[in-house]
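Please read this report alongside the sequence and the model.

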Amino acid sequence: MKSNFTSSIIISFLLLSFGITYSQDFNAVMTSVEYKFNEDKIPCLTAAQRDAIKVETNNNIEQLRLENKLAFPEANWRGGHPLFIWPLQQAAGFNYNNTWAISGYVDHNSAYPNQLTDYNCGTRTYDASSGYNHQGVDMYLWPFIWNQMDNSQTEIIAAAPGQIIAKHDGEFDRSCNFNNNLWNAVYIQHNDGSVAWYGHMKNGSVTTKNVGDMVALGEVIGTVGSSGNSTGPHLHFEIYTNNSYTQLVDPFSGPCNVLNADSWWETQIPYNYSGINAVLTHSAVPDIFTTCPTPETSNTSDDFDTGDTIYFAAYLRDQVSGDNIHLSIIKPDNSYLYDWDITVTTTASSWYYYWYYSGVYDQEGEWKWEVTYGGETVSHSFNVGALSIEEANIETTSIYPNPSKNYLNIKTTKTLASAMIYDVSGKLIKTIRFNEAPTHNIDVSNISKGMYFLKVISNESEQETFKFIKQ
Ligand SMILES: [Zn+2]
């Protein structure tokens, strides 16, 4: 009697397990939302502002010429235009897969309003009833746009080397609409005479170099902000063949580019640059849609207990209807909790999805949330269980950079005795004694990539544990 009872319990348990695994309706627990940037089609500059920039850059060029400091006078222009690298990069210490998406290309249709033709003969551009046709490429931050701006997560870099012919800083940088404010910007002339405008920078981020100074290829010249006429943090990148400003350039080559035949990119990205911007885990619903310009509450977390509800989010760019997205939640023993696919139903420049589950985390250790889209796979590690972060005991201590490649630095006002590095299974990897080597830089170059815990112990036996990622 007793053994029958036990068997039936086991059988129902097995049925129940199969039920959870195979009848999981992923769409039922999925939230899927588009993020639309600049829906109001706000021109990045007024006509008067654009004219004023042309006057200012040319006044500066004449002044530099008088001082014999003009790097590229007309007689020295060489024929070939520069080949640009992408003007945005993620700052060190952040780990999104990508931080931006494109909201608008140059408009090649001179009619208006709503007469739109981008270089690829599509309509990923805008114009205005005032007669303005978009003259640049708009690249907006995605996801968590205000957090990214506040953290200076996306840097604006010189797409080609050249000379600074004007710059402007000090303007309000949390614009949400058309306000006639000036933007913070840097203007660079290249050795063929061409000029690049980098606009909407964050207040105080503009390079400290002066007009007349040279910038190298890839040099950081600011960070992305929302100064000037703007609905959120983005870069407006506008190009002219020279400072007479008679010939605008669309850096993208394509069948409907009526301005220039060839691409100005070293490597031109596809029209739909489909891919993954971030794969994150959250302790609650991520708050993406704040009232402009309120920073988002991301609720990002990588440390959970077995009983927690975990939100699994994927932030994509340029998703195209019909595309497949592959998703997996992988346990510490590499078996799958869930492994499924969804099909994109709407083409959009930015979109996010999240799913949430509770009561299913049956192993402690390092889990993975993995997304494959646009030919790339991004794997996000998170911890479930015993080794989660303890309460801060040495409150004045912090570690950086995190993620870390070669050295992990400890910043503290305490006198430290030792530190230990553990892997996510709790295995001791390395012990550092600070009285023997009184440095606060820990060499992590020899440990393999992954998630680790650093326990720091002070001379007064205070302890604190940090999680860090070795890259
Ligand atoms: Zn723009």
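## The chain as a whole

The secondary structure of the chain comes to 3 helices and 27 strands, where helices (H or I, at least four residues) and strands (E, at least two) are DSSP runs numbered from the N terminus. This is a predicted model, in which local features need pLDDT of at least 70 and side-chain atom pairs count only at pLDDT 80 or more, while totals for chains, interfaces and linings use all residues. Residues are numbered from 1 along each chain as its sequence is written.

Along the principal axes, the C-alpha atoms occupy a box of roughly 95 × 60 × 35 Å. Of the 471 residues in the chain, 36% are buried; a residue is buried if 20 or more other C-beta atoms lie within 10 Å of its own, exposed if 12 or fewer, and partly exposed in between, with C-beta atoms placed from the backbone.

Helix H2 (residues 47-66) has 20 residues, which at 1.5 Å a residue should span 28 Å, and its end C-alpha atoms are 29 Å apart, which agrees; the expected span is 1.5 Å times one less than the number of residues. Within H2, the buried residues are Ile53, Thr57, Asn60, Ile61 and Leu64. They cover an arc of only 105° around the axis, so they lie on the same side of H2, the arc being that of the directions from the helix axis to the C-beta atoms.

These buried residues pack against strand E6 (162-168), strand E7 (185-189) and strand E8 (195-199). The face turned away from the buried side carries exposed residues, including Asp51, Asn59, Glu62 and Arg65. Just after H2, Asn68 takes a positive phi of about 60°.

## Domains 1 and 2

The domain assignment, which is automatic or from a database, gives domain 1 (47-249), domain 2 (273-384) and domain 3 (398-470). Taken over C-alpha atoms, the centres of domain 1 and domain 2 are separated by 33 Å. Between these two domains, 18 residues of domain 1 are in contact with 19 residues of domain 2, a contact meaning that two C-beta atoms, placed from the backbone, lie within 7 Å. Strand E3 (100-104) and helix H3 (145-150) are the elements that give two or more residues to the side of domain 1 touching domain 2.

## Tyr119

Tyr119 is placed in the loop between E3 and strand E4 (137-141). Tyr119 counts as buried because it has 26 C-beta neighbours inside 10 Å. Leaving aside neighbours within four places in sequence, its contacts include Tyr105, His108, Phe252 and Cys256.
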